Structures are given as C-alpha cells and as structure tokens.
Amino acid sequence: MEQRVLGRTGRKASVVGLGTWQLGADWGDVREEDALAVLDAAVESGVTFFDTADVYGDGRSEQLIGRYLRERPDAGVLVATKAGRRLEQRPEHYTLDNLRAWTDRSRANLGVERLDLVQLHCPPTAVYSSDQVFDALDTLVAEQRVAAYGVSVETCAEALTAIARPGVASVQIILNPFRLKPLDEVLPAAAAAGVGIIARVPLASGLLSGRYTRDTVFPKDDHRTYNRDGSAFDQGETFSGVDFATGVEAAVEFAALAPEGATPAQTALRWIVQQPGVSTVIPGARNPEQARANAAAAALPPLPAATLAAVTELYDRRIRATVHDRW
C-alpha cells in the first residue's frame, strides 16, 4: 500500500489506516477475538497506521492494540492515540500534570515507553490558543513520553489555529464526500506548513456505504442511535452531522457514482485519499472482511474528474445548504 509521510512526525503511514473507536465502545459490542482479527486483517492488507484514544472503551481499544502489537512486533504500525476527555471539557483541565497522567495511562495500555503520536481529543476551542497547553506538550516530547503531538478538531477554524503552531505534527479532521469544507482552507494550509492530515469519519458513520435505509435500526449502545442530535458529544461525529434521512437519500445518489468493481465505501475512501494534503484516512471495521475491503480502496485507480465534479455537485445540492456554515 502507498505510504505517505505523516506531517511533522517524519514517519510514514499507509494512506488507508484503521480507526479503532469501534473496538472499544459506542458501536455495539465487539468481542476481543473479533477485535484482534480486525487488527490482523488490516496489517495483512498493508495498513501501518492505527488511530485510537484513551476513552475508547475506557482504554480497551488501546489495550487490544497493545496486546496485538506485542504478539506481532514485526507489524511496523504507527499508533496514534488521543488524550483530554477523561475530565469535564474545560480549558483549565489541560495542565501538564493531567497530560502526563493521561499519556502515562496510554503508555501502560499500549505497553510502550513512548507514544508515537498523541493528539488532543477535540478539546474546548480556547485550548488551541493556549501557549501553556502547547508548552506542556513540548515538555512531554522532551521527557520522551511522546514522540510527536497533534490535534483532533471539530471545526476548520480550530484546525487553522493548530496548524499555525510550530510543534503540531498532524491535524485530524472530519473529511468525506458529505463534508467538504476542509478542502477550502484547511488542507492547503496544512500542506504549506508540512502538517499531516488524518481524515476521520470517512464513511459518515456508515452512510456512505449505501447499506442503510430510513428504517435501519442501530443498537441502543450505538452512537448512531443516541447521538444523532449531539446530546452525548459533538454531532459531527455521528453521520458527519447530516440528518439521517437526508444522508440516506444522498447516499443512494453517491452509490451510483461508484466505478465498476468498487463499492460505495471504497469509492468514498478513494475520493479522500486523492485529496491534496491528505496523509491517511482512518475507516473503522467491525470484522476482518470490512478491514480488507477498506484497505483495498488504496489500490483503486484515481477517480476521474467527472466523478469528482459529481461528488461536489451532490454535496452542494443535498448537503451544503443544511450544515456547511455550522461546520
């Protein structure tokens, strides 16, 4: 699989990585043996980048990754985790002591001396302008607790503020055919600054797979049931903030754009991979078959200009009017 340098980390990552939120919680139950099989299928398919967080299953996702990599020390995977959501989201909680404690816990969960990449986990907007917070992150690098740090953001404005910070190695942001706003300013600014872009929620929580209808029912413990209105966490993390009924209808049109031999989900991933400035995209997978199918998107030929134009037209007609300004 194609490998790209992940911004200021200086390390390479596969263009299709693996998001592991679903291995911890909030997507229904995933058995341990199934989670390990997903990790193995991803690596066997060329994936060299895992994204996790300390709150995914209260550390379960990190622990599973740690166990897998101890069993496969030759896997060559760069692991990014996130920190900051173990306390109420207030800027004053982002102290050096708390960041040390959070990263030390992740180091223990993953079984490593130094984290490859730690990302602030969608903190309050004021955090991005705090010199004290970024001084603390620089201290963690100096103490060799972490090799590099980045941010995971909710808005384009937050991303642009972070990109201006000289120590920020990467920015993780929601980007998919139903979420185009980062293309306007964020991706060009990141490319100019040498900051990596990690594209998350690439399938709009599964909408872009084309498998759902208005009548689809998700488990009660699945965020696609309980967070559609953003009552549990930022609404953008669920269906990219798109109204479910609108998203289902738009997904039918998107599926028609898939080239012969490619699924709608693979088409969405291919679209993201070929956006200038993207380092890696992190779809999740609940089973090995999904992990392999996601990885296979990296081998698809680039989408033609006509398809790219059709994606933009669909977004402008069905999605933009309802959510673009809010993003």
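Strands in this tour are DSSP runs of E at least two residues long, numbered from the N terminus, and the model in the viewer is a predicted one. With that in mind, select strand β8, residues 168–174, and within it pick out Ser170.

**Stop 1**

Is Ser170 buried or exposed? Its relative accessible area is 0%, and because buried means under 20%, Ser170 counts as buried. Leaving aside residues up to four places away in sequence, display what Ser170 touches: Leu6, Leu117, Tyr149, Gly150, Val151, Val195, Gly196 and Ile198. One of these, Gly196, belongs to β9 and stands opposite Ser170.

**Stop 1: strand β9**

**Stop 2**

Now show the strands together. They form an open sheet of eight, in the order β3-β4-β5-β6-β7-β8-β9-β10, with parallel pairing. Which strands stand at the edges? They are β3 (18–19) and β10 (280–281), and each has a single partner strand, so one side of each is left without a neighbour in the sheet. Strands of a sheet pair through backbone hydrogen bonds, either parallel or antiparallel. For a pair within this sheet, select β6 (residues 117–121) and β7 (residues 149–152), which run in the parallel sense and are joined over four bridges; Leu120 has Val151 in β7 as its bridge partner.

**Stop 2: Ser152 in β7**

Stay on β7 and select Ser152, which is found in this strand. Ser152 is buried, with a relative accessible area of 1%. Apart from residues up to four places away in sequence, Ser152 touches Lys82, Gln119, Leu120, His121, Cys122, Pro123, Tyr128, Gln172 and Arg200. Lys82 deserves a distance label in the viewer: although Ser152 and Lys82 are 70 residues apart along the chain, their C-alpha atoms are separated by 7.9 Å.

**Stop 3: two residues with positive phi**

Cys122, one of the residues that Ser152 touches, lies in the loop between β6 and α4 (131–142). What is the phi of Cys122? It is near 50°, a positive value in a residue other than glycine, and Cys122 is also buried, with a relative accessible area of 9%. Most residues other than glycine have a negative phi. Ser205 is buried, at a relative accessible area of 5%.

**Stop 4: Asp135 in α4**

Follow the chain on from the loop of Cys122 into helix α4, where Asp135 is found. At 47% relative accessibility, Asp135 counts as partly exposed. A distance drawn from the C-alpha atom of Asp135 to that of Ala162, 27 residues apart along the chain, comes to 13 Å.

**Stop 5: helix α1**

Select α1, residues 32–44, a helix of 13 residues that reaches 18 Å from its first C-alpha to its last, close to the 18 Å expected at 1.5 Å a residue. Its buried residues are Ala35, Leu36, Val38, Leu39, Ala41, Ala42 and Val43. What covers them? The cover includes the strands β3 and β4 (49–51), together with α2 (60–71) and α10 (288–296). After α1 comes Gly46, whose phi is positive, near 100°.

Methods
Residues numbered from 1 in each chain as written. Predicted model: local features only at pLDDT ≥ 70, side-chain atom pairs only at ≥ 80, totals over all residues. Heavy atoms only, no water. Pairing = 2+ DSSP bridges. Buried < 20%, exposed > 50% of the residue type's maximum accessible area, 1.4 Å probe, protein only. Contact = heavy atoms within 4.5 Å. Expected span 1.5 Å × (residues − 1).
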